[in-house]
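Subject: Structure handover

Hello,

Here is the structure I said I would pass on. My notes on what was found in it follow below.

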Amino acid sequence: MAVRAKQKNVWLVCGDDAVLVQAKKNELIRRYFKEGAPDPTVFDGTGSFPEYEAALEGQSLFSSDTAVVIQNPFFLKKALKKDDEKPYAAFLEKLRALAPEIFLVMTLDGKPDKRTKAVKQLLDFASLIECDFLKAEDGAQRMEEYLYDRGLRLTADARAYLEEVLSAWSEISVPFLETECDKIILVCGDRKTVGREILEDSLTDYMDQGVFAFFDRLLARDAAAVLEGAPRVFTDPAAILKNTGFLAAQFRRIKMWKELDRAGVPAPEKQALLGMRGTWQMRRLAAQARQVTEREAEDFLLALFRWQYGQRVDGGSGELEDVLLRFCLAGRESRRP
């Protein structure tokens, strides 16, 4: 999250993390007025410049404090029309001269186009908060710091497990992580450390989308469990894209492990090449690699690629479950005496 403070009573809060955008908007209003913040006048993607100015001038009979929220204003989404340029300039002058008892916060789902003249003129004086999703590699650190500040410490295997869980997410929301941490704190009670078993019991199924337990069943060639779990893991196009990507990444990592092991690469160098942060992750990957031959990993990756290619080109006629089931059954055949 990036913050740039300029004029204290004019703010733009924007970014892809819509939950965090709304949380920061509410926090700004509460902090500015401290106790007794007025109910804001809200424009939700509507309103004109005269209407905005009228709201900024309006005061209640009981207080001069005024809060105005403009959500997804049209002038931040696209370039202004010629007829809007003068009203917009007058609106900006109004904002520059706002009295201290008047507070304006604009929110935007996504990022404004900072190349447009309207955005450049606004950001010349307005304060800015950009609420982006956390990177996957930063999620575990954020949760660890949140728990540490509240007197809890993650064990090494818990930290490694958390990194593994969050690595499957392309979008990590800060409020979501903090909510999960609050639940973990409640589960821990008087304990001062958080172990892996607590995380496995506490983290909601939708947090890892069941993909980690599903992957373990796939490696174990438990065809019945794989077919039963697939509808819960591959629920919609976004989940299919994310979780097939996770499976492909795991099998590529297993294949790399096999190649590096065959080449006799020393453990520290192997750990660096595989992007592993701790020995616990290395031990877990080694155990996973023992369940799959290099040829099986290659065959699964090729089958998954062919299925994805067919889906992109013509919608495909094959089912993802067929790819998963063939892997399970092929493994069983290769292990027959």
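**Salt bridges**

Lys183 has a relative accessible area of 30%, so this residue counts as partly exposed. Please keep in mind that the model is a predicted one. The partner of Lys183 in a salt bridge is Glu180, with 3.5 Å between the closest N and O atoms. Both residues belong to helix H7, where they sit 3 residues apart, about one turn of the helix. Glu180 has a relative accessibility of 1% and is therefore buried.

The count of salt bridges comes to 19. Another of them joins the side chains of Asp216 and Arg284, at 3.4 Å from N to O. Asp216 is in helix H10 (residues 211-219) and Arg284 in helix H14 (residues 279-289), so this pair ties together parts that are 68 residues apart in sequence. Asp216 is partly exposed, at 33% relative accessibility, while Arg284 is buried at 18%.

Asp261 and Lys270 also meet through their side chains, at 3.0 Å from N to O. Here Asp261 is partly exposed, with 47% relative accessibility, and Lys270 is buried, with a relative accessible area of 6%. There is also a network of salt bridges that links Lys255, Glu259, Arg262, Glu294 and Glu298.

In soluble globular proteins, nonpolar side chains tend to be buried together. In this model the largest nonpolar core holds 72 residues, and Ile184, Leu199, Leu218, Leu247, Phe251, Phe300 and Leu324 have the most contacts inside it. Helix H12 (residues 237-262) gives the largest share of this core, 7 residues. A further core, apart from that one, has 28 residues, including Leu92, Phe125, Ala126 and Leu128.

What does Leu218 touch, leaving aside its neighbours within four places in sequence? Leu218 is in contact with Val226, Leu247, Phe251, Phe300, Leu324, Phe327 and Cys328.

**Helix H1**

Helix H1 (residues 18-33) is 16 residues long and spans 23 Å from first C-alpha to last, close to the expected 22 Å. Its buried residues include Leu20, Val21, Leu28, Ile29 and Phe33, and also Lys24, Lys25 and Glu27. The buried residues of H1 pack against strands S2 (7-15), S4 (66-71), S5 (102-109) and S6 (126-130), and against helix H7 (174-188). Just after H1, Lys34 has a positive phi of about 55 degrees.

**A surface patch**

Leu302, Phe305, Tyr309 and Val313 make a nonpolar surface patch of about 400 Å². Leu302 is located in helix H15 (residues 294-314) and is partly exposed, at 38% relative accessibility.

Regards

Terms used: Residues numbered from 1 in each chain as written. Predicted model: local features only at pLDDT ≥ 70, side-chain atom pairs only at ≥ 80, totals over all residues. Heavy atoms only, no water. Patch = residues over 30% accessible without salt bridge, like charges linked within 9 Å, V, L, I, M, F, W, Y side chains within 5 Å. Areas by Shrake-Rupley, 256 points an atom, 1.4 Å probe, with all protein chains shown as cover. Salt bridge = Lys/Arg side-chain N within 4 Å of Asp/Glu carboxyl O. Helix = DSSP H or I, 4+ residues; strand = E, 2+ residues; numbered from the N terminus. Buried < 20%, exposed > 50% of the residue type's maximum accessible area, 1.4 Å probe, protein only. Core = buried A, V, L, I, M, F, W, Y, C linked by side-chain atoms within 4.5 Å. Contact = heavy atoms within 4.5 Å. Expected span 1.5 Å × (residues − 1).
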